[in-house]
Structure formats: C-alpha cells, structure tokens
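Q: Hi, I'm new to this one. Can you walk me through it in short steps?

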Amino acid sequence: MANRTTTRCVIAVIAELPGACLADPSQNALKPGGPAAAQISSLWWYLFWVAASVFAITMGILVVGVLRKPRSDSDGHSGSGHTFVAISGIAIPAVILFVTLLVSLRATVALRVPPSNLTVQVQGHQWWWGVHYPRENITTANEIYIPAGQPVRLELTSADVAHSFWVPSLNGKMDLIPGHPNVFWIAADKPGTYRGQCAEYCGTQHAKMAFLVIALPPEDFRAWVARMKAPRPQTSNAVLAQGQQVFFKAACKDCHAVEGTKANGRKGPDLTHVGSRLTLGAGTLQNTPGALEGWVSDSQSAKPGNQMPRSYLPPDDLHALRAWLESLN
Ligand code: CUA
C-alpha cells in the first residue's frame with residue numbers, strides 16, 4: 001500500500017499537481033473527498049493510463065523497428081506495412097479518441113450543478129474570500145462551513161479582479177469574475193477540513209489567498225449556524241471594553257464589520273467571529289494569540305501589499321484590541 005501511494009505521488013509530481021504529496025492530505029486532486037472530485041480524479045487516471053499505454057507501445061514498436069534487420073529486396077513485399085499503418089495509425093487512435101470523448105462527456109454531465117438545500121455566496125477580494133449564507137444571513141470570511149454528505153451550491157463573484165475558486169479535494173476550478181456571477185458546487189463525502197486556494201493569478205499576494213472548507217456532520221452544521229446567529233454577549237470585562245474602544249478609535253471599523261456593534265466596514269473581512277477562525281490573512285498564519293497581535297500590529301510583514309496598514313498602537317492598546325478580537329468567537 002505504501003509503495004502504491006509512493007508511486008502515485010511520484011506520478012503526481014511528474015504531472016505537476018500542486019499539493020499532491022503534501023503532508024496535509026486535504027488539498028489533493030488525486031485524493032478526492034467528494035463526488036465531483038472523484039469524477040475528475042477518475043478522468044485523470046483514465047487519461048493517464050491511456051496516454052502511458054500509447055506511449056509505451058509506440059516506443060516499443062520504435063525500438064523493434066530500429067533493432068530489426070533491414071529487409072533485402074529478395075524478401076518480396078506483401079504490402080502489410082500499409083495495413084499496419086492504417087490500423088495502428090488511423091483506426092486505433094480514432095477508437096481511443098472516440099472513447100475518450102465519451103468518457104469526458106460522461107464526466108461533464110456528472111459535474112453539472114445538482115439541486116441543493118444550501119447556497120453560499122463567495123466573493124473574491126485581493127487577497128481574501130468573503131463568504132455569505134444568504135438564507136441564513138451569516139457573513140464570514142476565508143472559511144466555508146458546509147454539512148457533509150450533501151451538495152452545496154456556490155455563487156461566485158469578485159469585488160476586483162478575476163480569481164479562481166479551487167478546492168482540489170472537492171471539485172475542479174471555477175473563476176470569480178467581477179459583475180458576472182458563476183454558479184458552482186462542492187460536496188464532501190465525510191466530515192473534514194479541505195484546503196482551497198485561489199488558482200488564477202490576481203496580484204502580489206495571489207499565493208496567500210487560501211481558504212478552508214470545513215465539512216461538519218449535519219447536526220454539527222446546524223449547531224454552527226445557530227452559534228453564528230446567536231446575539232453577541234455584552235462586553236463586561238474592562239480589558240475587552242478597552243479593546244473594543246481601540247477598534248473604533250483606530251478606525252478598524254472603517255474596513256471591518258462586527259455584527260452587534262456599529263462596525264460595518266466591508267472593505268476587509270467580516271470579523272464577527274474572527275476569534276474562532278483557524279487562520280489569519282486568508283491562510284497566511286495560524287490563528288494564535290501571538291499571531292493575531294502580530295497581524296494587527298504589522299500585517300505587512302506577513303503578507304506584504306495587503307490592504308491593511310500598520311496600526312502603530314501603544315502596547316497596552318494592542319493587547320486589549322487583540323483580547324477583544326479573540327473574544328469574538
Ligand atoms: Cu485571487 Cu489569485
């Protein structure tokens with residue numbers, strides 16, 4: 001089994017499939033986690049084995065041709081060379097291409113957007129992902145929670161330039177284009193975390209435009225929805241109250257929204273539940289207290305060129321602001 005995995009990894013590296021052999025198995029087009037990715041993966045393996053077989057047989061015939069003793073004129077000529085060219089050069093390739101066409105069409109039909117009970121709107125930004133659940137009225141960023149075992153309909157748009165939505169373990173790619181919503185879907189067979197990545201060059205920090213799809217058992221997903229919609233508890237603690245004041249004084253509110261407060265900026269990611277996010281800066285850093293404080297203080301050193309300026313806050317204010325952001329979960 002280990003050998004088979006290694007072989008597949010080597011093949012995947014040759015095929016330049018990013019993420020195919022990472023330690024984290026959640027971003028791998030050849031390790032499908034849902035029905036759409038399974039279709040794409042089977043098509044990939046079909047094409048791989050057909051191409052590999054054709055290549056091996058062609059090279060074999062070439063070697064035989066090179067090594068064989070040339071015919072002398074006295075051998076006579078039966079005309080079998082023409083038959084060989086007609087069969088192996090025209091008939092067999094035509095059959096292979098026709099079967100490939102059928103296999104591709106079958107995959108295309110299977111990848112059509114299925115009916116779904118859940119719609120998620122995803123908006124690409126330089127360089128993060130806005131996530132909105134219209135029916136549930138939940139807004140978040142850089143993380144998409146879905147129930148496992150059912151298809152989720154996606155509406156993809158962009159606020160600025162073209163981006164591309166790609167969760168290799170769950171489906172292929174789909175562009176996010178300003179002013180032109182694209183409908184797409186993902187589905188995960190089992191609960192788990194799947195990494196996604198912008199797959200269309202969109203500026204300096206294209207590489208740091210990642211996101212996570214977190215598939216939960218359906219009852220946990222319902223609990224997540226309820227938690228997202230629960231009213232925010234009042235801030236009682238003095239440090240947290242100071243942190244909230246700093247958030248407003250330092251103009252964070254102009255770009256970020258926090259549900260239940262007066263902060264309603266939309267230029268940057270919604271921070272209503274930032275404390276519960278797994279990463280910061282669209283997959284740039286793990287969301288730890290230290291990283292959060294560093295990010296707020298100077299996100300430019302972790303992700304140069306992003307839209308958030310340095311904060312230049314006194315240490316006391318910075319700690320309080322970090323504590324308040326952490327409490328938003
Ligand atoms: Cu967004 Cu590349």
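Q: Where does the largest cavity lie relative to domain 1 and domain 2, and why there?
A: Keep in mind that this is a predicted model. The largest cavity lies between domain 1 (119-229) and domain 2 (238-327), because both give residues to its lining.

Q: Which residues line the largest cavity?
A: Thr140, Glu143, Tyr145, Trp224, Met228, His273, Ser276 and Arg277. Two elements give two or more residues to that lining: β4 (143-147) and α4 (218-229).

Q: How do the residues of that lining divide into nonpolar, polar and charged?
A: There are 3 nonpolar, 3 polar and 2 charged residues.

Q: What volume does the largest cavity have?
A: About 50 Å³.

Q: And how many cavities of 30 Å³ or more does the structure hold?
A: The structure holds 1.

Q: Which elements give two or more residues to the lining of the largest pocket?
A: β11 (279-280), α6 (289-302) and α7 (315-327). The largest share is from α6, with 3 residues.

Q: What's the lining of that pocket like by class?
A: It has 19 nonpolar residues, 10 polar ones and 6 charged ones.

Q: Why does the largest pocket lie between the domains?
A: Domain 1 (119-229) and domain 2 (238-327) both give residues to the pocket lining, so the pocket lies between them.

Q: Let's zoom out. How many helices and strands does the chain have?
A: The chain has 7 helices and 12 strands.

Q: What share of the residues is buried?
A: Of 329 residues, 39% count as buried.

Q: And of the contacts between residues at least 6 apart, what share joins residues at least 24 apart?
A: That share is 60%.

Q: New topic: backbone. Which peptide bond is cis?
A: The bond from Gln126 to Trp127 is cis, and its omega is near -5°. Trp127 sits in the loop between β1 (119-125) and β2 (128-133).

Q: Which residues is His206 in contact with, leaving aside neighbours within four places in sequence?
A: Trp127 is one of them.

Q: Where is His206?
A: His206 is in the loop between β9 (192-197) and β10 (210-216).

Q: Buried or exposed?
A: His206 counts as buried, because its relative accessibility is 17% and the cut-off for buried is under 20%.

Q: What about phi of Asn137?
A: Phi of Asn137 is near 55°, which is a positive value in a residue other than glycine. Asn137 lies in the loop between β2 and β3 (138-141). Asn137 is exposed, at 55% relative accessible area.

Q: And what is phi of Ala251?
A: Phi of Ala251 is near 70°, again a positive value in a residue other than glycine. Ala251 is in the loop between α5 (238-249) and β11. Ala251 is partly exposed, with 33% relative accessible area.

Q: What is Gly243 in contact with, beyond its neighbours within four places in sequence?
A: Ala320, Leu321 and Trp324.

Q: How far apart are Gly243 and Ala323 in sequence and in space?
A: They are 80 residues apart in sequence. In space, they are 6.7 Å apart, C-alpha to C-alpha.

Q: Last topic, rings. How many aromatic pairs does the structure hold?
A: It holds 14. One of them is Phe247 with Phe248, an edge-to-face pair. The centres are 5.8 Å apart, with 70° between the planes.

Q: Why call the pair of Phe247 and Phe248 edge-to-face?
A: Because the planes are 70° apart, and over 60 degrees counts as edge-to-face.

Q: How accessible is Phe247, and how accessible is Phe248?
A: Phe247 counts as buried, at 1% relative accessibility. Phe248 counts as partly exposed, at 23%.

Q: Which residues do ring pairs link into a cluster?
A: Trp44, Trp45, Phe48 and Trp49.

Terms used
Residues are numbered from 1 along each chain as its sequence is written. This is a predicted model: local features need pLDDT of at least 70, side-chain atom pairs count only at pLDDT 80 or more; totals for chains, interfaces and linings use all residues. Side-chain values use heavy atoms; hydrogens and water are left out. Helices (H or I, at least four residues) and strands (E, at least two) are DSSP runs, numbered from the N terminus. Buried means under 20% relative accessible area, exposed over 50%, partly exposed in between (1.4 Å probe, protein chains only). Contact means heavy atoms within 4.5 Å. Ala, Val, Leu, Ile, Met, Phe, Trp, Tyr, Cys and Pro count as nonpolar, Asp, Glu, Lys and Arg as charged, and the others, Gly among them, as polar. Domain bounds come from an automatic or database domain assignment. Rings of Phe, Tyr and Trp (its six-membered ring) pair if their centres lie within 6.5 Å; planes under 30 degrees apart count as stacked, over 60 as edge-to-face and the rest as tilted. On a 1 Å grid over the protein atoms alone, a cavity is a set of points where a 1.4 Å probe fits but cannot get out, and a pocket is an open set with protein on both sides within 12 Å along at least five of seven lines; lining residues have an atom within 4 Å of a point. Grid points are joined across faces, edges and corners, and a volume is the space filled by probe spheres set on the points.
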